[in-house]
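Please open the structure in your viewer and keep the selection tool at hand. The tour goes from one selection to the next and says what is there.

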Amino acid sequence: MHEDANGDAGSVLGEVTPRGPDQEFLTLERELTVLLRRARANQGEMAREVHPDLESAAYGLLIRLDELGGQRATELAAYIGVGKATMSRQLRALEELGLITRQPDPADGRAWLVTLTDEGRRRVGTVREARRARYVSQLAHWDRREVAELARLLHQLNGVMER
């Protein structure tokens with residue numbers, strides 16, 4: 001953003017830039033809103049690519065299980081930010097689709113661990129690889145250091161937002 005001779009704020013990439021003492025935070029809020037809206041739409045697309053009947057919200061569960069392996073339903077509910085009833089419903093649907101399985105937790109026989117089935121792991125892996133390739137294509141004109149910096153800053157922001 002640049003200021004003209006009158007001290008007026010210009011625009012960024014042809015868009016109106018908020019003015020005022022907190023303009024950076026207003027711009028951040030706007031850009032995050034756009035990013036989150038697009039992310040929700042992409043999540044729905046990716047969920048349907050895993051399975052046509054998969055709910056958009058359940059895609060994040062599959063990613064979590066792919067990255068960490070077996071998890072208790074309570075851990076998944078806390079991570080996603082939903083209650084036990086919602087988590088139970090989502091897990092039941094994933095189980096019916098053949099994407100997850102539940103097994104007794106070896107550390108506590110009263111609890112169950114949720115894991116991806118082989119089919120679930122295959123489908124999630126295929127979609128994640130396609131998404132990674134899409135990012136590589138869309139950001140091919142970026143320097144790899146810029147991509148790394150964006151990832152670092154998003155990680156830092158996510159950490160702050162968890163508190």
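Predicted model: local features only at pLDDT ≥ 70, side-chain atom pairs only at ≥ 80, totals over all residues.

Residues are numbered from 1 along each chain as its sequence is written, and side-chain values use heavy atoms, with hydrogens and water left out.

Begin by selecting residues 108-116, which are strand S5; strands (E, at least two residues) and helices (H or I, at least four) are DSSP runs numbered from the N terminus. A hairpin of 2 residues joins S4 to S5, and Thr101 stands opposite Thr115 in S5. Strand S3 (residues 71-72) also pairs with S5 in the antiparallel sense, over 2 bridges, and Gln71 there stands opposite Val114.

Next, select His51, in the loop between helix H1 (23-50) and helix H2 (59-68). His51 is buried, because its relative accessible area is 14% (buried means under 20%, exposed over 50%, partly exposed in between, with a 1.4 Å probe and protein chains only). Leaving aside residues up to four places away in sequence, His51 touches Leu97, Leu99 and Arg123, a contact being heavy atoms within 4.5 Å.

Finally, select Trp142, in the loop between helix H5 (118-138) and H6, which is partly exposed at 32% relative accessible area.

Definitions and conventions: Pairing = 2+ DSSP bridges.
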